[in-house]
Each structure stands twice: as C-alpha cells, then as structure tokens.
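Open the model in your viewer and keep the selection panel handy. We will go from the whole chain to the ligand, and then on to a few spots worth a click.

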Amino acid sequence: MLFTVKTRIKTGLCGLLLALGAVQSGLALADDAAKGQAVFERDCSLCHTANAGGPNIMGPNLHGVVGRKAGSLAGFSYSQAMKDHGATWSRDNLEAFLAQPQTAVPGTYMPYQGLADADERKALSLWLSQQH
Ligand code: HEC
C-alpha cells in the first residue's frame, strides 16, 4: 500500500517535472526567436524584408525562405552563383551561409561579412523558419 502511494507520488512528480521542462523549453524557444528577430533587424533588415509580400530591397524578400530553393524568388536578379547553387534552404545550410556567405556560395552578390556568433545564427535561422 505504502509502496503504491510512493510510486504514485513519484510518477506524479515525474509528470510535473516533465511538464515544467516542456514549458521551460517552450519559453526558451520564444526567447531564441525574439533574439533572432533582433539579430535580423540589426544585421539584415538594411537589405531584406521577411514579412509576407514584403519588397525586395538590395536582397530578396525572405518570407518563407526555409524550404525555398536558393536563388528562386521570381523578380529578383540573383547572381549566377546563387541561381546555380541548387540547395533548398534549411536551418542548417542557412546557418552555414550566414557564417561565411562567400565560402558557402562563392561568387554570391550578398555583401555581408558573416555572422560569427553561432548562438545568433541559430536564433536567426529559427526566427526565419517561423516567417511562413
Ligand atoms: C548589404 C546587403 C545585404 C545584407 C546586410 C544581407 N544580405 Fe542577404 N542578400 C543580399 C543580396 C544582394 C542577396 C542576393 C545574393 C545573390 O544573388 O548572390 C542576398 C541573398 C540572401 C539569401 C538567399 C535568398 C534566396 O532567395 O536564395 C539569404 C537566405 C539571405 N540573403 C539572408 C540574409 C540574412 C539572414 C542576413 C542578415 C544576417 C543578410 N542576408 C544580410 C544582400 C544582403
């Protein structure tokens, strides 16, 4: 009897801890996305919009960029390098591109020196992946 009660309490506690963990990671995610948006505004918004139907500035609109084929937004004049790149943007290859644009896509027109901070790249790719 005592055993069952203890087990129940333990199981209950475990469930509670799991639930708390889930809430916590949910919050961390929202946090990261907000950080990603701040990085976007600081480093990218001079040349890019990311809202639905936003204009191309110096760079193409990035709404829905995760899952889009590189160099494929109609009406934007990409470099030959970007048109030939062939990749579909994912969080991973975006982070690699943003770390060193010229290394990831040699000959790209994107005049950006690269985002050195891996946490910022992660937060930014998360936020971009949510712009759908
Ligand atoms: C000074 C202007 C400038 C800045 C700053 C800039 N970009 Fe770009 N970006 C461009 C241009 C120009 C292109 C087109 C590159 C090409 O055709 O080779 C581009 C292309 C891209 C692409 C490829 C899009 C596609 O449709 O294939 C992504 C993704 C991208 N930029 C993300 C970013 C992010 C995220 C930042 C901020 C960390 C950023 N860029 C900063 C000008 C800029």
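**Before you start.** This is a predicted model, in which local features need pLDDT of at least 70, side-chain atom pairs count only at pLDDT 80 or more, and totals for chains, interfaces and linings use all residues. Residues are numbered from 1 along each chain as its sequence is written, and side-chain values use heavy atoms, with hydrogens and water left out.

**Stop 1: the whole chain.** Show the protein chain as a cartoon: there are five helices and zero strands (DSSP runs, numbered from the N terminus: H or I of at least four residues for helices, E of at least two for strands). Of its 132 residues, 33% are buried (under 20% relative accessible area, with exposed over 50% and partly exposed in between; 1.4 Å probe, protein chains only).

**Stop 2: the ligand.** Select the ligand and the 26 residues around it; Cys-44, Cys-47, His-48, Ser-79 and Met-110 come nearest (a residue is near if one of its heavy atoms lies within 4 Å). By class, this shell has 19 nonpolar, five polar and two charged residues. Here Ala, Val, Leu, Ile, Met, Phe, Trp, Tyr, Cys and Pro count as nonpolar, Asp, Glu, Lys and Arg as charged, and the others, Gly among them, as polar. Now colour α3 (91–99) and α5 (118–129), which each supply at least two residues of the shell; the largest share, three residues, comes from α3.

**Stop 3: polar contacts** (pairs of N or O atoms within 3.5 Å; within protein, one must be able to donate a hydrogen and the other to accept it, and residues adjacent in sequence count only if both atoms are side-chain atoms).

**Stop 4: His-48.** Click His-48 in the loop between α1 (2–43) and α2 (80–85). At 10% relative accessibility, His-48 counts as buried, and its side chain reaches the backbone oxygen of Pro-60 at 2.7 Å.

**Stop 5: α5.** Finish at the start of α5, where a side-chain oxygen of Asp-117 comes to within 2.9 Å of the backbone nitrogen of Asp-119. Going along α5, the buried residues include Glu-120, Arg-121 and Trp-127.
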